[in-house]
Structure formats: C-alpha cells, structure tokens
Amino acid sequence: MKIAFLADPLDSFKIYKDSTYAMMVEAAQRGHALYAFEQGDLAFEAGTVVANVSPITLTGELSPWYHAATTDVVKLSAFDAIVLRKDPPFDMEYVYTTHLLELAELQGARVFNKPRAVRDHNEKLSIGQFPQFIAPTLVTRDAIRLRAFHTDHKDVILKPLDGMGGAGIFRIKEDGLNLGSIIETLTDYGRRTIMAQRFIPEIAKGDKRVLVIGGQVVPYCLARIPQAGEVRGNLAAGGLGVAQAISERDREIGQTLGPILSDKGLLLVGLDVIGAYMTEINVTSPTCFQEITQQTGCNVAEMFLDALEKAV
C-alpha cells in the first residue's frame, strides 16, 4: 500500500517514544511505501485536494532517522490510506484541515481517523455521550454554576476544553483557594466554556491510557502516574508511564465504546481512565504505543497496521 502520514514536522519526532514512528516502522517492515506531509502542504486546487508530499524511507538510525525524497504535488486520492496524526491544539487550522480532508474523501481518499469524526469529537466533551462511565461533570462558562459545583463536590478539577498534555488543569480543594481567580482565568471572564469534574483520588495510581483499535481493546494500558506532588499524570507534565494489564472496568468501557466509535470512522482511539471513570476520548493522535510495547511485548503498532489493512 501507499500510506501517507499527515503529521507534525518529522524532525520534531522523538523516535524513542513516538507512536507515529512506531506505525511507520511496522508499515515499512510490511513493505508498504511511506509518504509524509504537513498541514501547510494541503491545498484545494483546480477542483482537487492535493498536497506537497515527500516519499520517505527509514534509515534504522537515531539520526537521521529518515530520508525524504523530492517533494511532489499529489492528489490525496492517489494513496491507499492517509493517516491523520497531527497533534493538537485543535484550533481553526485543524478544523480547516478536516474540511479539506473531507473534500478529499469525496474524491476517493481514505482517511484514518475520518476527518468528520475527529472534528465532531471534542476530546473532553465527547465523554458526555457515555454518562454511565464518567464522574460528576459540569461544562459551562457560568461562574455561578462552577462555584456551586465546587460547593457540592468540595474537591474538583477545572480544565479548558482545548488543552493537551495536561496544560491548564487546576485542582481546587475544599478551601476553595484561588477558585475565583482560576475561574476568571480559564473562562476569560465568562467568554470561554470549560469543564469541571469531581476530583478522582485514584489518580495517584495513574491516569490510564486505554487504546481501542478497530473497535478492539488493546489488552494493556499505560498508567501515567503523577510525580513530585503533581496532580497531572500526563507524560508531557512529567508523569511516569507504567504499562499494565487493563482492568475489568477498563475492558467494559473499551468494549462498550469500541464498536460505536469504530462505526463513526474512528480507527484509533485513546480513552483516558482514572480509577473507574473515563475522563477523555482522544481521537486526534493517540499515543503510548511504544511504552506499552517496550514494557509488555504487546506490539501495538502491529495491531494498528492489521486494522488499517483491514479497513482499506
């Protein structure tokens, strides 16, 4: 197959942990041809969605880890699969990218995850589709509601709806210290909608990334354990990643959501689970492939390529 990856700049990859790199390695081992391009390479031109695309080969070395051949302007419909792996922030440029990719689909392109599904699934808000699996949650920009939620639950988390890597997350304990200032900052004085959730003490054991591929739950997850007094387990915030077998509750959540999300065109999903509660549904560029594989021997990239080949 000819597989094109729409991703961040290749030179920014940390290949010892990058999940997109793991996908590329597995694809290359299977004999698939690899290509790469970025958001800025996309264009709608003369009635067709095209991109400035570079064929790439993997060197097997740490640096340089790839070689890029001459860039050509190519119709996206010319590829067997386009793998959308652009990291957040999910800003308007990301939205425009999904629109262009959706136009490309009308011209025969096959995109994974489907751009409409990515656009329609805010990674924080989409948990609201499955209230049976979430902790008490409030989404609003109303300071009165946010204060009442804190009064009811005593210990809460406030976070923006467009953050990643733990950015902008605040814990407010029963004393309510700085609650007003935090609400003002996150909501921009009532102009921006945010999320409040009851604090889940099991975060001390890790914020688990449960991967679902082609509707099937990966048997191991990565528990991202907060370090040095942090409340955030995100690896980007210094969390320690410990792979472990998924729990029965993890499996229940994954098996319930898997077929539903797969039917919507989400080939790869990363569920964030703390204790018994799901806190996010990651659809843009879910990670943790390499950490799980290195610690358990479960080849997540192999599972992904199996699902991709089947979907194509």
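Four strands are arranged as an open sheet in the order E9-E12-E10-E11, with antiparallel pairing, where strands and helices are DSSP runs numbered from the N terminus (helices H or I, at least four residues; strands E, at least two) and two strands pair if DSSP finds at least two bridges between them. Strand E9 (137-140) and strand E11 (170-172) stand at the edges with a single partner strand each, so one side of each is left without a neighbour in the sheet. From one strand to the next the twist averages 20°. The model is predicted, and local features therefore need pLDDT of at least 70, while side-chain atom pairs count only at pLDDT 80 or more and totals for chains, interfaces and linings use all residues. Residues are numbered from 1 along each chain as its sequence is written, and side-chain values use heavy atoms, with hydrogens and water left out.

Within this sheet, strand E10 (residues 156-160) is joined to E11 by 3 bridges in the antiparallel sense, and isoleucine 157 stands opposite arginine 171 in E11. Helix H5 (residues 179-187) packs on the sheet, touching E10, E11 and strand E12 (194-198), contact being defined by heavy atoms within 4.5 Å. The direction of H5 makes about 25° with that of E10, as computed from axes fitted to C-alpha atoms, for helices over the stretch in contact, with angles running from 0 to 180 degrees between N-to-C directions. Arginine 171 also lies over the face of phenylalanine 199, at 3.7 Å from the ring centre; the criterion requires NZ of Lys or CZ of Arg within 6 Å of the ring centre and within 35 degrees of the ring normal.

Strand E1 (residues 2-7) is mostly covered, 5 of its 6 residues being buried (under 20% relative accessible area, with exposed over 50% and partly exposed in between; 1.4 Å probe, protein chains only). E1 runs parallel to strand E2 (residues 33-37), to which 5 bridges join it, and alanine 4 stands opposite tyrosine 35 in E2. E1 also pairs in the parallel sense with strand E7 (residues 81-85) over 5 bridges, phenylalanine 5 standing opposite valine 83.

Aromatic pairs number 6 (ring centres of Phe, Tyr and Trp, the last by its six-membered ring, within 6.5 Å; planes under 30 degrees apart stacked, over 60 edge-to-face, the rest tilted). Tyrosine 21 and tryptophan 65 form an edge-to-face pair, with 5.3 Å centre to centre and 85° between the planes. Both residues are buried.
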